[in-house]
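Biologist: I have a structure open and would like to learn how to read it. Could we start with how helices pack?

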Amino acid sequence: MTEKNDVAQAEVAEAGLEGFFERYRPHLTSIAVTVVFLMMTFTIYKLTSEVRYDDIVVALADTSWRAAALAVLFTGLSFAALICYDLNAIEYIGKKLPAPSVIATAFIAYAVGNTAGFGPLSGGAIRFRAYSRMGLSPSDIARIIAFVTLSFGLGLLAVSALSTLIVAPRVASILGIEPSWLRGGALAIICVMTALMFLGRNGRVIQIRRLKLRLPDSRTSSRQFLVSAFDIAASASVLYVLLPETNVGWPSFFAIYATAVGLGVLSHVPAGLGVFETVMVAGLGNAISLDQLLGGLVLYRMIYHVLPLLVAICLMLASEMKQFASKPIMADIGSLAGRLAPSLLSAFALILGTMLIFSSVTPTPDSNLDFLSGFVPLPIIEAAHFLSSILGLVLVVASRGLSQRLDGAWWVALVSAAGGLFLSLIKAIAVFEAIFLGIFIVALFFNVRSFNRHASLLRQALGPTWLAAMAVIVAGAATILFFVYRDTDYSQTLWWQFEFSEEAPRGLRALLGLVLASSTVAIFSLLRPVIYRPDEIHPEDIQKATAIVEKQGVADANLVRMGDKHVMLSESGNAFIMYGIRGRSWIALADPVGDENDFSDLVWQFVEQARASGARAVFYQISPAILPYCADAGLRAFKLGELAMVDLKRFELKGGKLANLRQSLSRGARDGLTFSVVDTPDVPEIYDALKNVSDSWLAHHNTREKTFSLGSFEKDYILSQPVAVLRKDGQITAFANLLMTETKDEVTVDLMRFSPDAPRGSMDFLFVSIIEYMREQGYSYFNLGMAPLSGMSKREAAPVWDRIGGTLFEHGERFYNFKGLRAFKSKFHPKWEPRYVAVSNGTSAALALMDATVLISGGVRGVIGK
């Protein structure tokens, strides 16, 4: 017995520990990333103890234009290979998309992802936004991202192992270990990879514990291996041609480079900054002059990471030109670049902010300083260095707002960039720095229309990922400062030295200002109080929302008439979101309603206000059309089920498919049932009869009224729309209230109540009669409502969410009539449309659905009872 208790306690402790890690995973990951970066920067600082900053500057100046041109060529080849990842992924999932759009999407995704390297600016978000607008479903896009990620990871592993096996003695001598260890590890990896290729030669599915994975067939895997090998070889050549001639051959260099890239990716540090450099210095420090190696690494970062982003920005600018747009292929690419402008400019702002910070802690060339001393007073130069670092931090913070298309972030970025451009000239005559900032300013002006969200930048608290990125930048600036001035003896007097020739104190003061400013931002983000939480539902908002409902075509939007949901209106007042609050969940019901031009802003507005109140934002029962906006806001979609829509223009009771429905009409007529629709003005006359039917139905089923996504028998709600009724012997025995709008695009029913003595088959009779009547009235579609958990993917590689949902659909009849509901609606041969729930992550999805269930059931008692 004691053993069982110990086991149970251990399981509870393990579950609690897993819950803790899952809840705080973003924070723990961000802390780990920062710690790894600090460790790597300390390591590289120690490894380069004999290197001086001036030597690196000389090495950079000695790099030939021919080497730089070759590096640019190899960068282009590498990105061509990267684009093939997406092309192969789309072919793998069996879809066809316009090649120019795929090329533009892949190029921009890699340009941003390689540079930023963390969630909000990752290539995955860009792919979701672009591919969803090309008609791909969320599951298709997830498979593309998974294919690209796994292909790169496995390709990198295989290529590294093969190259290491070939040049093991040379690499071992560089790293100072036994060649046999390298060969053994490389052989083991090659064996595993070969086994995987053999097992997957026919697209076989393998299962590792709970994980099921469909392996690519031999053709796909071999082609992807060649693409990976070419990509890594080209990117390695970018750095190789920038280094001086040494006795390190390209194969040995390639093996070390592949290892450094792999460790940089695993570290999750943005762009592998610090980790990649540390491995390269450790691997090649004994064979190549460290000052030349560090100079080559700086150029490599500029050419392979910054240059593609600049090309994407220029592509975006060119898309605004009419002559460029006249060419169909280039216009297609340019148009896509324009739509992704916020992500591009956000990544560029992050780079420019980092550039301003780093330049403020590095010395100005003596010739430039001598020139400036004759025109610019010392206090202005001192202030320029100090303010440059602060403006750099402001650009880093504004980059997050740019990714969210905030108009305030646009203004902050514009002013900061303009100020940085001016300061870069008066503090150091930094021409290239000024040119980059100038390009950024021009790009901001050309894309001002993309930043149309009226939200305060001060309310955009930075999350753990952004705080980690900011910590990496600040730590990097500190490392550069102490590296550049490592021969300077620190003393208290340094802080108060103000001379043209004394640059160490100037950089030290800039770093202090940067640390204080970044600490303020971090504390504000972590300790910001809850600033908004609606306490009551305002009737005037309900009235405004009802007026919007009448002018649009979604019938379910009439649920706002219940008055049990909060209403969030758009800035223009032409659209709204209806939502309920339960626990820590703000749950928006269905898509935004009204003017589609306001939908994107409304989604952001809802997410921001939910987060400001310390809650999670949830979008419940949304259509695929809203998913791109949710993805922009950092939400993840999970399938809930399918909505049944009957096309009334094509619906006819003739033919064998609908024979059962014709029989239901005939049986109801024989039983003496008559159907009619009572218009809204006449509903008060039958209200008492309707209430008697409703009360008897509730009592017979021993249930209570539902709320939120369903209506309840409230007098004002029932009297607000027409009602379809069934009579037997002149008495009302069943009814359904009709939800419709002035557009006649769609009609649906909400409450369906039957007297206990209503004839069998009354439901079918009522539904068929309503559908026939609405078809005659000129309505286009009849909304039969959603079938929960219907249409979940049954593929072996389907997400865990789909597999759980599919299992509940197949075997959960004791909890809910999933199959029966789907079967009833299928009798009308509807078109099935997917519906989703969008939340921040997987854990939030489960908690959000629990809160939604309680909200719909009218409280915990409704969940426990009926």
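Modeller: Take helix α18 (residues 378-403) and helix α21 (residues 464-484), which pack at an angle of about 155 degrees with their axes 11 Å apart. Axes are lines fitted to C-alpha atoms, for helices over the stretch in contact, and angles run from 0 to 180 degrees between N-to-C directions. Helices (H or I, at least four residues) and strands (E, at least two) are DSSP runs, numbered from the N terminus. This is a predicted model, where local features need pLDDT of at least 70, side-chain atom pairs count only at pLDDT 80 or more, and totals for chains, interfaces and linings use all residues. Residues are numbered from 1 along each chain as its sequence is written, and side-chain values use heavy atoms, with hydrogens and water left out.

Biologist: How are α18 and α21 oriented to each other?

Modeller: Angles under 35 degrees count as roughly parallel, over 145 as roughly antiparallel, 65 to 115 as roughly perpendicular and the rest as oblique. α18 and α21 are therefore roughly antiparallel.

Biologist: Which residues of α18 and α21 meet?

Modeller: Contact means heavy atoms within 4.5 Å. From α18, L393, V396, V397, S399 and R400 meet W466, M470 and I473 of α21. These contact residues divide into six nonpolar, one polar and one charged. Here Ala, Val, Leu, Ile, Met, Phe, Trp, Tyr, Cys and Pro count as nonpolar, Asp, Glu, Lys and Arg as charged, and the others, Gly among them, as polar.

Biologist: Is D231 buried or exposed?

Modeller: Buried means under 20% relative accessible area, exposed over 50%, and partly exposed in between (1.4 Å probe, protein chains only). D231 has 2% relative accessibility, so it counts as buried. It is found in helix α10 (residues 218-240). Leaving aside neighbours within four places in sequence, D231 is in contact with S78, A81, L82, Y85, F152 and Y304.

Biologist: Where is T278 placed, and what is its relative accessible area?

Modeller: T278 lies in helix α12 (residues 275-284) and is buried, at 5%. Apart from neighbours within four places in sequence, T278 is in contact with M40, T43, I44 and L47.

Biologist: How many disulfides does the structure hold?

Modeller: A disulfide is a covalent bond between the sulfur atoms of two cysteines. The test used is a pair of cysteine sulfur atoms within 2.5 Å, and the structure holds zero. As for individual cysteines, C84 is partly exposed at 28% relative accessibility, while C191 is exposed at 51%.

Biologist: And the protein overall?

Modeller: There are 33 helices and 14 strands. Of the 866 residues, 52% are buried.
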